Amino acid sequence: MTLRYDIGLARVARTFAPPGLEVEPWPTIDWLSASVPYGDLESEAHELHSRHSTGVWLPLAGNPILDVLDFAGALDLAHLCGYVDINNIPILSQLVLILDRLGVVKFGPGHPVFGAAAQLRSRIASETISVRDAEVREYAACERYLVLMGDVRKDDAFEEFLRDPRTPDRRSHVAQEAVLAAPEAFAEALVRERAGNALDARFVSGGLHAVEYFATLADVLRALGTHRDARGQCLLNARWAHSVTSARRQLERWVEAMRGWRRSLPQMSDEELEDERWNAFVGRALIPLEADVAEWSLSNPLSPEDRLLQATTGLSDIQQEYSARAGRQHRQVETPLKGGNLREALAELSDIAREQDALGELGAVDAIVTRTEIAGILVRMGKLPAALIVIERVLQDARDRLPPSDELLTRLSRLREEISHATGSTGELHQAVEERRAERRHRYGAEET
Amino acid sequence: MISTLAEPSGAIVFVHGWGGKSVSTWDRFVEHARRFVGYSKYDLFFFGYPSKGPTTKFCAGRFASFLEDLLARPQECIVGPTLEPWTPFITPRTDYSRVLLCAHSMGAVVVRRAIADLDLEPVAPQLPRVRLLLFAPAHLGSSDLPGLIAEGLGELPGLKLVGYALRAYYRSVKDLAEKSPALELLEKDTRDRLAARRDAHLPVGHLIAAVLHSQHDKVVVQERFVEDLRAEDVMHQDHRSICKPNDVYLTPVDRVLRAL
């Protein structure tokens with residue numbers, strides 16, 4: 001083994017190994033087996049797969065299996081770039097054992113979580129795994145990628161930023177609005193990592209870091225040029241980049257808010273330059289990355305909450321663009337929610353629904369729509385059983401009043417299915433609903449929304 | 001640390017500015033350094049430090065410790081611990097005949113403060129091996145602190161407004177205001193060290209910097225600092241991009257080699 005490849009391997013391993021780990025070489029099958037319950041790697045792999053496919057966020061660092069999978073993918077990229085020669089690495093037999101126990105190959109080479117490692121496993125299994133003659137550009141791109149991954153894996157704020165749009169937590173939405181209200185609020189959140197006294201606002205610095213990370217990754221991919229295998233591997237391995245679309249939407253929302261700040265002030269001389277830079281960044285980094293992620297079909301699945309909300313309104317970009325009516329309802333429940341008073345918030349929603357009902361037959365369809373949107377809000381608040389109670393009653397009303405082919409009825413049915421999917425088995429769901437109803441009867445002596 | 005030669009004749013140290021990071025501030029410098037044969041004679045170090053919270057004096061203290069070790073005990077304190085498993089394969093670095101400090105923006109304040117302080121320490125006789133190459137240095141401060149902060153925070157439009165609010169929070173930023181006490185002291189100390197060395201007929205190369213300023217830099221004062229060489233004007237670049245080489249813009253790569 002040459003010293004160069006030896007150093008290359010150590011740099012790849014150190015990028016992905018848990019910090020402060022004293023087990024060397026890393027990874028070993030014993031270490032990994034000891035890190036998961038009962039040492040059952042295959043079950044853990046399946047668990048990760050199902051969590052990913054249902055849209056649950058997988059951590060960027062700190063999960064032993066994901067760390068090893070990410071390491072394996074990066075090793076394959078390093079091999080493709082002539083940075084490491086996988087023919088001569090001391091941990092090869094251990095790595096093969098681990099990848100086989102995880103069953104990575106069966107998930108396929110394009111799988112957003114297992115694909116990168118699967119490609120390495122397939123390469124090892126094939127007869128032609130000779131290392132490429134190092135081309136400076138690709139070698140340096142790999143080196144730069146490892147520095148980038150090292151930064152990303154240590155950056156909790158960045159992970160918070162990426163994860164934020166996928167959380168149904170209303171507090172997160174409130175925190176976003178609070179920090180975007182004014183530059184002073186944004187600055188304070190940046191320094192204190194909080195919005196107000198209670199809300200976590202680490203996502204603010206994370207968003208600023210995101211701009212840098214996406215720009216660097218786009219540069220790395222550009223440097224890999226026409227080396228399609230390396231580009232694909234790089235994109236697969238950078239799991240965080242699979243969220244580029246939701247990150248762009250979030251950043252664009254920030255930009256819009258920031259332009260709003262500027263509109264309230266006298267024109268500054270460098271506004272045009274700032275806009276130019278932002279547009280250049282979007283064109284240089286985000287758009288090509290989004291195109292790549294789409295080309296390789298790596299977009300993260302929508303979270304259960306996103307899918308529910310999408311079913312509610314039929315909008316694809318539900319986080320930012322929920323209907324105006326739902327927006328008004330949001331604002332009405334904003335105050336009690338900010339004060340942590342869920343009961344009051346629910347009461348507000350009930351009032352809105354009663355107002356619609358009061359319109360009688362004339363307002364029946366409007367009432368159905370409103371109640372559907374209320375169900376969406378409940379989902380957004382993470383109150384799935386409550387959402388189900390609403391949606392079941394609405395569905396019944398809708399079936400009585402609307403023709404079977406009506407689009408609203410279709411959407412409601414879809415929403416009902418999504419709730420079942422998100423909350424597990426239907427039996428458990430019904431049980432939860434019934435418990436909820438019984439609790440309400442006990443408390444208030446009557447059913448309510 | 002990046003090294004490609006058994007017995008390098010010198011070291012190049014890169015020091016980022018406010019809000020920057022050790023390697024990414026210099027973007028594709030590493031790639032170009034590997035491409036240019038001239039760089040193979042040097043070890044490259046990328047120095048990182050927390051630049052936002054602490055004062056420039058504090059940051060300079062950290063850098064001074066690093067520089068002192070690099071000049072006096074490179075193998076034991078820097079190279080050995082960095083390349084630990086491979087030290088048997090590497091020729092020990094006894095000392096570097098030349099150390100070039102490349103600094104961007106606030107990094108210039110940090111390295112100059114460190115040098116002025118070390119010039120009164122036992123390591124002072126080693127300092128003439130040091131040379132300074134400064135990209136958009138903030139050693140005379142910034143007349144637009146919000147702009148400087150925005151440059152350090154990133155590409156989003158509107159960050160300058162955030163910069164206005166942030167001036168109150170970051171101690172290092174206060175030091176970077178034009179004519180701040182920290183910068184006035186730095187200028188005075190540099191003049192004093194120059195005068196003292198001249199009186200003692202000692203070399204002064206480490207106190208006089210080569211400087212590059214960019215056409216579109218709107219944040220740092222571009223006047224001459226003490227006895228620095230006449231600044232080179234770089235066209236079509238701004239405060240942030242001046243030290244970032246790409247496929248077309250290779251001035252930083254060429255200029256570092258020339259400084260050696």
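Biologist: In this predicted model, is A:Thr28 buried or exposed?

Modeller: A residue counts as buried when its relative accessible area is under 20%. A:Thr28 has a relative accessible area of 17%. The residue therefore falls below that cut-off, and A:Thr28 is buried.

Biologist: Which backbone nitrogen lies 3.1 Å from a polar atom of the side chain of A:Thr28?

Modeller: A:Thr28 is found in the loop between H1 and H2 of chain A. A polar atom of its side chain lies 3.1 Å from a backbone nitrogen, and the residue that supplies this nitrogen is A:Trp31.

Biologist: Which residue of chain A is joined to A:Trp26 by a cis peptide bond?

Modeller: Omega of the bond is about 0°, and the bond is cis.

Biologist: How many of the 19 residues of H7(A) are buried?

Modeller: Helix H7 of chain A covers residues 136-154 and reaches 27 Å from its first C-alpha to its last, close to the 27 Å expected at 1.5 Å a residue. The helix is largely enclosed by the rest of the structure, because the buried residues among its 19 number 14.

Biologist: Are the rings of A:Phe186 and A:Trp254 stacked or edge-to-face?

Modeller: The structure holds 28 aromatic pairs over all chains. In the pair formed by A:Phe186 and A:Trp254, the ring centres are 5.4 Å apart and the planes stand at 85°. Planes over 60 degrees apart count as edge-to-face. The pair is therefore edge-to-face.

Biologist: How many residues apart in sequence are the parts that A:Phe186 and A:Trp254 tie together?

Modeller: Both A:Phe186 and A:Trp254 are buried. A:Phe186 lies in helix H10 (residues 183-192) of chain A, whereas A:Trp254 lies in helix H13 (residues 244-263) of that chain. The pair therefore ties together parts whose separation in sequence is 68 residues.

Biologist: Turning to chain B, what radius of gyration does the globule rule give for 260 residues?

Modeller: Chain B contains 9 helices and 6 strands. Its radius of gyration is 18 Å, close to the value from the rule, so the chain is as compact as a globular protein of that length. For 260 residues the globule rule gives 18 Å.

Biologist: What percentage of the 260 residues in chain B is buried?

Modeller: The C-alpha atoms of chain B fill a box of roughly 55 × 45 × 30 Å along the principal axes. Among contacts between residues at least 6 apart in sequence, 74% join residues at least 24 apart. The buried share of the 260 residues is 59%.

Biologist: Is B:Ser105 buried or exposed?

Modeller: B:Ser105 has a positive phi, near 55°, although the residue is not glycine. The residue is found in the loop between strand E3 (98-104) and helix H4 (106-118) of chain B. Its relative accessible area is 2%, and therefore B:Ser105 is buried.

Biologist: Is B:Lys179 buried or exposed?

Modeller: Phi of B:Lys179 is also positive, near 60°, in a residue other than glycine. B:Lys179 lies in the loop between helix H7 (171-175) and helix H8 (181-199) of chain B. With a relative accessible area of 63%, B:Lys179 is exposed.

Conventions
Residues are numbered from 1 along each chain as its sequence is written. Chains are lettered from A and ligands numbered from 1 in the order in which they are written. This is a predicted model: local features need pLDDT of at least 70, side-chain atom pairs count only at pLDDT 80 or more; totals for chains, interfaces and linings use all residues. Side-chain values use heavy atoms; hydrogens and water are left out. Helices (H or I, at least four residues) and strands (E, at least two) are DSSP runs, numbered from the N terminus. Buried means under 20% relative accessible area, exposed over 50%, partly exposed in between (1.4 Å probe, protein chains only). A polar contact is a pair of N or O atoms within 3.5 Å; within protein, one must be able to donate a hydrogen and the other to accept it, and residues adjacent in sequence count only if both atoms are side-chain atoms. The expected span of a helix is 1.5 Å times one less than its number of residues. The radius of gyration is taken over C-alpha atoms; the globule rule is 2.2 Å times the number of residues to the power 0.38. Contact means heavy atoms within 4.5 Å. Rings of Phe, Tyr and Trp (its six-membered ring) pair if their centres lie within 6.5 Å; planes under 30 degrees apart count as stacked, over 60 as edge-to-face and the rest as tilted.
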